[in-house]
Amino acid sequence: LQFTGCASSSKQLTPEQEQAIRDSLMVIEKFELRKNMSIAMISFQNQEYEKAAHYFNLVIAADTIGEYTTAKYQNLAHCYVQLSKPDSAMIIYKKGIELYPEYSYFYNGLGYIYRMSGDNDNAIDMLEKLLKLDPENTKAMDDLSDLYMTTEDNSAAQAILEKLIELEPNNSKAQEKLALLL
């Protein structure tokens, strides 16, 4: 780094001075990042989703150090769902899957978007991937059984319902759905 001013001569910084400047800039960057995340979270908690989405986007753009991993994408996608912006939510869920393929939340969210848009095949695909990551997720099993029944894949619906009942023997809703298939 070299700073010049109005004076005719310039002074070269020592490596220690350059490091001190970099450290100071990092402190400022972390402060801004934490401030924006704080505003985003407060707005999110207050259901001010437009404002929260703005600040989550700022956090995503500025978080070069990975301070906030899945939370920034998870909450931004949720904001877009609440704002009835499914295309934007879909983009964020897909980005979440790309960056964090082992995190089941994004598969669930993307499956929800597909299901709400009537794209049952992709919704089924997302829920099947979710269940590979989280094989005892009974909510996903229930949703997947509904999708299988909607697409008239009764054998798949029966198999998933039997597994669901194995995990939750007192689940009367699952028992009723299974009885309809038998």
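How much accessible surface does the protein chain have, and what share of it belongs to carbon and sulfur atoms? In this predicted model, the accessible surface comes to about 11,000 Å² (Shrake-Rupley method, 1.4 Å probe), and 52% of that surface belongs to carbon and sulfur atoms. Local features need pLDDT of at least 70 and side-chain atom pairs count only at pLDDT 80 or more, while totals for chains, interfaces and linings use all residues. Residues are numbered from 1 along each chain as its sequence is written, and side-chain values use heavy atoms, with hydrogens and water left out.

View 1. Helices (H or I, at least four residues) and strands (E, at least two) are DSSP runs, numbered from the N terminus, and along the sequence they follow the pattern β-β-α-α-α-α-α-α-α-α-α. The radius of gyration, taken over C-alpha atoms, is 24 Å, well over the 16 Å that the globule rule (2.2 Å times the number of residues to the power 0.38) gives for 182 residues, so the chain is more spread out than a compact globule. Along its principal axes the C-alpha trace spans about 90 × 30 × 25 Å.

**View 2. Helix α5, residues 104–116.** After α5 comes G118, whose phi is positive, near 85°.

**View 3. The buried residues of α5 and their packing partners.** Buried here means under 20% relative accessible area (1.4 Å probe, protein chains only), and the buried residues of α5 include F106, Y107, L110, I113 and Y114. The buried residues of α5 pack, with contact meaning heavy atoms within 4.5 Å, against α3 (70–82), α4 (86–99) and α6 (120–133).

How values were computed
Expected span 1.5 Å × (residues − 1). Buried < 20%, exposed > 50% of the residue type's maximum accessible area, 1.4 Å probe, protein only.
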